Amino acid sequence: MPKIKTSGVKYPDGWELIEPTLSELHSKMREAENDPHDGRRKCEALWPIFKINHQRSRYLYDLYYNRKEISQELYEFCLDQGHADRNLIAKWKKQGYERLCCLRCIQTRDHNFATTCVCRVPKHLREEQFLLIISLAY
């Protein structure tokens, strides 16, 4: 008789500390995926999904690299299980990509005129300058 496989995933030490936050973000992701996108552009429907993906990845990145509160074993487990975006975190570790919101932002084929996303522009250059045009009626 064949053996019955059970889902016996062995969670590393410290999982119980981060599990509530990850499950909350997972439920938010489900809501964002199932949310109707009537009347919105195709790219606007994806924005909440990218935002939640960024939150999950940044949460684990901060716990491991900045605060050093989780072990490397737990960090690798979370990446392997898909709780964070491994490629996005790899970009965050490189100089100049610390504020990157998603990998789509650096792909020039997804933007008009082969440019990049606004998150790549420094804040002091981001401020729009409005020109006041006064029309004089004679």
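## A tour from helix α1

Select α1 and colour W15, I18, L22, L25, M29 and A32: these residues are buried (under 20% relative accessible area with a 1.4 Å probe, protein chains only; exposed is over 50%, partly exposed in between). The model is predicted, with local features needing pLDDT of at least 70 and side-chain atom pairs pLDDT 80 or more, while totals for chains, interfaces and linings use all residues. Residues are numbered from 1 along each chain as its sequence is written, and side-chain values use heavy atoms, without hydrogens and water.

**The whole chain.** Zoom out. The protein has five helices and zero strands, where helices are DSSP runs of H or I of at least four residues, strands are E runs of at least two, and numbering starts at the N terminus. Of the 138 residues, 25% are buried. Contact means heavy atoms within 4.5 Å. Of the contacts between residues at least 6 apart in sequence, 47% join residues at least 24 apart.

**Along α1.** Return to residues 15-34. This helix of 20 residues reaches 27 Å from first C-alpha to last, close to the expected 28 Å (1.5 Å times one less than the number of residues). Now show α2 (42-66) and α3 (72-81): the buried residues of α1 pack against both.

**I18 and the core.** Select I18. Beyond its neighbours within four places in sequence, I18 contacts Y59, L60, L63, I70, L74 and C78. Next, show the largest nonpolar core, which has 22 residues. Such a core is a set of buried Ala, Val, Leu, Ile, Met, Phe, Trp, Tyr and Cys residues joined through side-chain atoms within 4.5 Å. I18, L60 and I70 have the most contacts inside this core. Two or more residues each come from α1, α2, α3 and α4 (86-92).

**The α1/α2 pair.** Hide the rest. How far apart are the axes of α1 and α2? They lie 9 Å apart, and the helices pack at about 170°. Axes are lines fitted to C-alpha atoms, for helices over the stretch in contact, with angles from 0 to 180 degrees between N-to-C directions. The two helices are therefore roughly antiparallel (an angle over 145 degrees).

**Last stop: K68.** Move to the loop between α2 and α3, where K68 is found. Its phi is near 55°, a positive value in a residue other than glycine. Is K68 buried or exposed? K68 counts as exposed, at 62% relative accessibility.

Terms used:
Parallel < 35°, antiparallel > 145°, perpendicular 65-115°, else oblique.
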